[in-house]
Amino acid sequence: MTPNLSNHFYLLLVHIPPTEKSGKTVLANFLSDATEAIGGDYSPTQGVRILEYECPNVIANGKNIGCEVELWDCSGDQKFETCWPALMKDSNGVVIVFNVDVPSHLKEIEMFYSSFVQQPRLHDSQCLLVAHHKPNSAAGKGRPNLAQHLNKLTLIHSNLEDDPEQVRTAFRQFLGAVVSSLSESRDKEEMSIIT
């Protein structure tokens, strides 16, 4: 794993349990072009599954760049909590997937935000909340009732059956924000060395 190369990024994709069959792995497969089909047999993520792929057409700092992505499809099941520090080490961004039809997830986002974003000291621009809608979901597409400090995070609604390309576009915009944030951090670090 070499997350600090100029166009190589390491992102964690975590979900809030209990979300068996929440669609996180299907979302990961879709974003990485790991499969052509959106459906398929269900197999819960055990610990972590790593998807490596190239993502063209990412806009960062006004430039169209391509980048290599390691998308770590991580189980949010607390039985794997002892593994989380190793998974978070050197991550460049975090995608928190939650099921909008499960009200307890709105509270649990805070714990995942604290563990996966605040503790490793990522910027808010390096976190994406994904309100995943399973087929026939009754939940609306408005902003869910989140804790105040989470309202500044980028949130997208995903429904791969209704509008898959909107999800892909929003994810590429998130990648661009991650690239821009990392670029700004590197520039500041270089300036501090020079001065």
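Start by selecting glutamine 126, in the loop between helix H3 (104–118) and E5. Helices (H or I, at least four residues) and strands (E, at least two) are DSSP runs, numbered from the N terminus. Show what surrounds glutamine 126: leaving out residues up to four places away in sequence, it touches Asn92, Gly93, Val94, Phe174, Val178, Ser181 and Leu182. Contact here means heavy atoms within 4.5 Å. Glutamine 126 counts as buried because its relative accessibility is 4%; buried means under 20% relative accessible area, exposed over 50%, and partly exposed in between (1.4 Å probe, protein chains only).

Before moving on, note that this is a predicted model, in which local features need pLDDT of at least 70, side-chain atom pairs count only at pLDDT 80 or more, and totals for chains, interfaces and linings use all residues. Residues are numbered from 1 along each chain as its sequence is written, and side-chain values use heavy atoms, with hydrogens and water left out.

Next, select leucine 11. Not counting residues up to four places away in sequence, leucine 11 touches Val69, Glu70, Leu71, Trp72, Asn92, Gly93, Phe171, Phe174, Leu175 and Val178.

Now widen the selection to the largest nonpolar core, which has 28 residues. A nonpolar core is a set of buried Ala, Val, Leu, Ile, Met, Phe, Trp, Tyr and Cys residues joined through side-chain atoms within 4.5 Å. Leu11, Leu31, Val69, Leu71, Phe171 and Leu175 touch the most other members. At least two residues each come from helix H1 (24–31), strands E2 (48–60), E3 (63–74), E4 (93–99) and E5 (127–132), and helix H4 (164–194). H4 gives the most to this core, with eight residues. Another core, of 24 residues, lies apart from it and includes Leu87, Met88, Ile109 and Phe116.

Go to H1. Which of its residues are buried? They are Lys24, Leu27, Ala28, Asn29, Phe30 and Leu31, so six of the eight residues in H1 are buried and the helix is mostly covered. After H1 comes aspartate 33, with a positive phi near 55 degrees.

Finish at histidine 157, in strand E6 (residues 154–158). Histidine 157 is buried, at a relative accessible area of 13%. Apart from neighbours within four places in sequence, histidine 157 is in contact with Ala131, His133, Gly140, Lys141, Gly142 and Val167. Display the side chains of histidine 157 and histidine 133: a polar contact of 2.8 Å joins them. A polar contact is a pair of N or O atoms within 3.5 Å; within protein, one must be able to donate a hydrogen and the other to accept it, and residues adjacent in sequence count only if both atoms are side-chain atoms.
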